[in-house]
Amino acid sequence: MKGHLMKPQALKDEVAKRRTFAIISHPDAGKTTITEQLLLFGGVIREAGTVKAKKSGHFAKSDWMAIEKQRGISVTSSVMQFDYAGRRINILDTPGHEDFSEDTYRTLMAVDAAVMVIDSAKGIEAQTKKLFKVVKKRGIPIFTFMNKLDRDGREPLDLIAELEDLLGIEGYAMNWPMGMGKGLIGLYDRMANQIELYRENEAGEKFLPLNEDGKLDPSEPIANESTYRDTLDDIDLLNDAGNQYDLKKIMAGDQTPVFFGSALTNFGVETFLKHFVDMAPQPGPHKMQDGEEVMPTAPDFSGFVFKIQANMNPNHRDRIAFVRIGAGEFDRGMDVTLARTGKTIRLNNATEFMSDSRESVQTAVAGDIVGLYDTGNFQIGDTIYAGKQKREYEALPQFTPELFMRVTAKNVMKQKSFHKGMTQLVQEGAVQLYRTYSTNDYILGAVGQLQFEVFKFRMQNEYNSEVEMTTIGSRVARWIDPEQLDEKMSSSRNLLVKDIHDQPLFLFENQYALRWFADKYPDVTLTAKL
Ligand code: GDP
């Protein structure tokens, strides 16, 4: 235990430096490549390819042991911390692809901003849309990076329009591509009023200043290129007919500052980072269950568990609980109260995550993430706090599962361990559990296939319970007000189940089945979780 907590002003200064965010994107848009560039700027890694090398050892889908081995390494990259321009940056990883799970969503509850990376040839893709929806609900700022400008992609105006059409968020172009693919010559930076060249010019310059009218000195060679003139036309159009820059809207997540670039060729990434650290918010207040707000600079430490990584090492059943610090300063060895049970826990085994090495926590304040070794004390959503005043952070939202499985114990003689394992894993937030109305069968729900695999593996390894799972596939889940429910509404196309709070919901075969139902029962209100 350090025993010396910071003075209020020092805490305030430290908190003001924090920028905690996640990158949301569809697989292959370039998240890893950008992350790597950011880590390079932060001096965390010295060579491009470091993060990639870890990622490329992709595991066989059903091989959880392999997943675990992989995790043993990659867990350290679930939070990446570095300093840049006087700020302390925390990037929280949001696993996608086969790794997609509710944890991915929950991680978005622990950040103060999001960066949306879009492949400029593909535009907004499915996973981006899902993650966007979750971030949007939180009302936090969302920054956009249109990637892969070194390749021919869609028209920039088109990409901006798509933000509004598909996501319902205004786009404000912070900079604008001058050409693309082989014809890419630079970025017109509206904010810094300069041009950033894709390749240095003969004089060795990378940046060319613009005059008050936003134009180059006519003596500049590229001032005569058609790409430059086209860009000026685009900029005129943006100025006249585009969205107005509105910081208030940006902070509320109603407008997204859009940056263009190419992560692979490290073009526009640092420009993005510079603007980002200036514009992105420092940690703000957090809402408590009693409606009170706790300021990040409150002297007493408090935070919430947003993710639990189980079984990192199959030989030791240790778990790591990821805690977002909401207020105060974390002190290694401090005593905290677990709000759910009132129990006191000594936090003497914390770990902070850097991208390459696990180092013990130096200074961790509101905005930072600490990983706590956990022997089973914590559940997702738990609050821990120091001091006398009880704190209980607002509950994490429930997410609407999209994939479903029927599950039974393989060995009917082992019902007890089956139930114990299931109860604990559900409590922990590993999967969601439902029962069918008529037959009380167990149905598991998840947002990603990985959750089922983890469930099966952990049931076997931690609870000695072999489970039989049969897929139901993807379903559209909608809750119904119990007052309005008539069991006759259920059919083969909309399985009626109840959740662990005994609330009824239908699992619709698809959107058509949902629409058909809505037409047939126009007075019935159906709701989704986040
Ligand atoms: P992730 O799945 O979002 O993490 O995407 P990656 O960073 O792994 O990138 C997916 C693929 O796109 C890789 O082959 C990258 O080399 C490539 N890529 C990433 N950024 C760019 C870019 O700016 N330009 C081009 N041409 N390729 C890129």
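## Contacts, core and sheet

Leaving aside its neighbours within four places in sequence, V323 is in contact (C-beta atoms, placed from the backbone, within 7 Å) with G303, F304, V305, I369, V370, L372 and I384. The model is predicted, so local features need pLDDT of at least 70 and side-chain atom pairs count only at pLDDT 80 or more, while totals for chains, interfaces and linings use all residues. Residues are numbered from 1 along each chain as its sequence is written.

V323 is also one of the residues that touch the most other members of the largest nonpolar core, which has 129 residues. Such a core is a set of buried Ala, Val, Leu, Ile, Met, Phe, Trp, Tyr and Cys residues joined through C-beta atoms within 7 Å, where buried means that 20 or more other C-beta atoms lie within 10 Å of the residue's own. Helix α12 gives this core its largest share, seven residues.

In helix α1, the buried residues are L11, E14 and V15; seen down the helix axis they fall within an arc of 100° (taken from the directions from the axis to the C-beta atoms), so they line one face. They pack against β1, β16 and β21.

Helices (H or I, at least four residues) and strands (E, at least two) are DSSP runs, numbered from the N terminus.

| Element | Residues |
|---|---|
| helix α1 | residues 8–17 |
| helix α12 | residues 449–463 |
| strand β28 | residues 476–480 |

Eight strands form an open antiparallel sheet in the order β27-β24-β26-β25-β29-β30-β28-β31, where pairing requires at least two DSSP bridges. β27 and β31 stand at the edges with a single partner strand each, so one side of each lacks a neighbour in the sheet. Two bridges join β28 to β31, and I480 has L526 in β31 as its bridge partner.

Notes:
Buried ≥ 20, exposed ≤ 12 C-beta atoms within 10 Å, placed from the backbone. Contact = placed C-beta atoms within 7 Å.
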